[in-house]
Amino acid sequence: MPAHRIQLKGPWEVFPPQVNALRSDAEQKPETHTMPKEWRELFGDQGGTARFQRKFHRPSNLEPHERIFLAFSGIRGETRIRLNQRQLGEFDAQGGSIEVELTSNMNSFNTLEVEIDFDPGQSPGLPGGLFGVVALEIRWDDLQRN
């Protein structure tokens with residue numbers, strides 16, 4: 001059975017790459033964007049570590065045999081993913097897709113944080129950051145269904 005997809009287009013809070021390492025995130029004002037957007041569209045040629053944050057509710061009416069995955073369809077850069085301040089994984093994303101299961105880590109209301117370290121000068125001509133769709137996928141677990 002195909003997965004049910006919920007696209008996480010927006011709003012995303014985007015914290016640009018830090019120009020001054022002494023500034024904290026508390027001092028930075030995020031911009032609000034609908035995603036996906038390629039790195040250069042957001043930050044030009046500035047490299048560094050940017051943080052993307054999106055809040056969402058847990059999908060309702062889930063059956064015991066359904067599992068929730070976070071799916072990135074296009075992402076490039078050193079990536080760290082957290083849900084509700086819990087580290088879910090670190091990836092050296094090279095432009096393809098990444099999937100992370102969220103089922104047991106979700107609350108009724110969730111905060112997703114994606115940190116991406118990317119240098120456009122090191123990857124000329126290649127898209128960077130969150131340039132593909134980010135979605136929640138609800139999938140059937142046939143082993144638990146029987």
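**Exercise 1. Determine what share of the residues of the protein counts as buried.**

Solution. The criterion is relative accessible area: buried means under 20%, exposed over 50%, and partly exposed in between, with a 1.4 Å probe and protein chains only. Of the 146 residues of the protein, 42% count as buried. The accessible surface comes to about 8000 Å², by the Shrake-Rupley method with a 1.4 Å probe. Carbon and sulfur atoms hold 46% of that surface.

The model is predicted: local features need pLDDT of at least 70, side-chain atom pairs count only at pLDDT 80 or more, and totals for chains, interfaces and linings use all residues. Residues are numbered from 1 along each chain as its sequence is written, and side-chain values use heavy atoms, with hydrogens and water left out.

**Exercise 2. Classify F91 by accessibility and list its contacts beyond four places in sequence.**

Solution. F91 lies in strand β7. Because its relative accessibility is 24%, F91 counts as partly exposed. Contact means heavy atoms within 4.5 Å. Apart from neighbours within four places in sequence, F91 is in contact with G77, E78, T79, I81, I98 and V100.

**Exercise 3. Describe the surroundings of D92 and its polar contact.**

Solution. D92 is placed in strand β7 (residues 86–94). Its relative accessibility is 48%, so D92 counts as partly exposed. With neighbours within four places in sequence left aside, D92 is in contact with G77 and E78. G77 is 15 residues away in sequence, with a C-alpha to C-alpha distance of 6.0 Å. The side chain of D92 also makes a polar contact with the side chain of Q94, at 2.7 Å. A polar contact is a pair of N or O atoms within 3.5 Å; within protein, one must be able to donate a hydrogen and the other to accept it, and residues adjacent in sequence count only if both atoms are side-chain atoms.

How values were computed:
Helix = DSSP H or I, 4+ residues; strand = E, 2+ residues; numbered from the N terminus.
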